[in-house]
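Subject: Handing over the structure

Dear colleague,

I am passing on to you the structure we spoke about, with the sequence alongside. Please have a look at it before reading on.

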Amino acid sequence: MNGHHDPHDHPHDHSAGHGHTHGIVDPSITTNDRGLWAIKWSFVGLAATAILQLVVVFLSGSVALLADTIHNFGDAATAIPLGIAFWFARRKPSQRFTFGYGRVEDLAGLVIVLTILASAIVAGYESIERLLHPQDISYLGAVIAASIIGFLGNEAVAIFRIRVGQEINSAALIADGYHARVDGWTSLAVLFGAVGVWLGYPLADPIIGLLITAAILGIVIQSGKSIFFRMLDGAEPKVIDELRHAAEDVPQVKEVTEVRARWLGHRLHAELNVAVDPELTIAQAHAIAAEVRHQLLHHLDYLSLVVIHVDPADQSGESHHRIGEHAHDGLPVHSHG
């Protein structure tokens, strides 16, 4: 027996006067709205920070501050692909895109990584140019003030993005949050460059610019790993363990043989094979599948689509679903699965 439970309407009442429902309101709608809200306000915060820094760059000529400002503008610009991704994720699945548009968020994460890389290249080029052709820096007090503003602005945005990203399980938004946090420390590094110039070491400014560039490249590597992990349908082992343990807690489930999961944006899709008593009726097996799904939705609030395959205990697992070698319709001997 191989059963499947529909991932949509499935109400449950636990006691008189108390009930709850899974599937009537798609949780991705609220998380997408939350993501768009976070993107909008973090964009405003970073754009304002970068504009203030840009004014000081024109006044002072600091290449370290210029590198930091370029990066902050690039960071603010990453809100655009993220916003597009969350907007797409609000759309309902279609006949062409039957799983919905969550994968657009992963593509947005890739665009973010490439944007960060571009900002590192520009910042590094400007720093090397200034190292080879030193220039005087003025308004050191303004440069120091701008670096502190950059730090505070980025740290506020980092806390905001990481918190919301963790709430809705968005790898792209969390990556962007940690990106902003490192940006804050690189902004503060500008202060040390300005102090070095004030102490009589004019090369301190471009050297700090190069250090900022190196920090940006570190972000590219860290964020790139996270994004490509999800684009390749990776799922954290602890998530697989949670799915397995939640299914095993259902009394009539004798064994959980296969657990498969992948992220589409910030929502998780999962498939499980559960073994039950082979003497059960189809209706009884279906009820068990419904209860397994119910428990999974309780344990993992970021779970979106759940497919439960119900197998008889004496033929549990995908290995029993394979079709052996055979021939038909004049075709060569072949197998499936």
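Predicted model: local features only at pLDDT ≥ 70, side-chain atom pairs only at ≥ 80, totals over all residues.

The protein has 337 residues, of which 47% count as buried, and its secondary structure comes to nine helices and seven strands. Among the contacts with a separation of 6 or more, 72% are between residues 24 or more positions apart.

The helix I would start with is α2, which runs over residues 63-77 and reaches 21 Å from its first C-alpha to its last, close to the 21 Å expected for its 15 residues at 1.5 Å a residue. This helix is mostly covered, with twelve of its 15 residues buried; among them are V63, A64, L65 and L66, and also the charged-class position D68.

Two packed helices are described by the angle between their axes and the distance between the axes.

Helix α4, residues 103-132, comes within 9 Å of α2, axis to axis, and the two cross at roughly 165°. Since angles over 145 degrees count as roughly antiparallel, α2 and α4 are therefore roughly antiparallel to each other, and the crossing is a right-handed one. On the side of α2 the contact is made by V63, L66, A67, I70, H71 and G74, while α4 brings T115, I116, S119, V122, A123, E126, S127 and R130. Sorted by class, these residues divide into seven nonpolar, five polar and two charged.

With helix α7, residues 204-231, the axes of α2 lie 7 Å apart at an angle of about 25°, which makes α2 roughly parallel to α7, because the angle is under 35 degrees. Here V63, A64, D68 and H71 of α2 meet D205, P206, I208, G209, I212, I216 and I219 of α7, and the contact holds seven nonpolar, two polar and two charged residues.

Is I216 buried or exposed? Its relative accessible area is 0%, and because buried means under 20%, I216 is buried. Leaving aside residues up to four places away in sequence, I216 touches H71, I116, S119 and A120. H71 belongs to α2 and also takes part in the contact of α2 with α4, as do I116 and S119 from the side of α4. Finally, I216 and H179 are 37 residues apart in sequence, with their C-alpha atoms 8.2 Å apart in space.

With best wishes

Key
Residues numbered from 1 in each chain as written. Heavy atoms only, no water. Helix = DSSP H or I, 4+ residues; strand = E, 2+ residues; numbered from the N terminus. Expected span 1.5 Å × (residues − 1). Buried < 20%, exposed > 50% of the residue type's maximum accessible area, 1.4 Å probe, protein only. Axes fitted to C-alpha atoms, helices over the stretch in contact; angles between N-to-C directions. Parallel < 35°, antiparallel > 145°, perpendicular 65-115°, else oblique. Left-handed = near helix turned anticlockwise from the far one by under 90°. Contact = heavy atoms within 4.5 Å.
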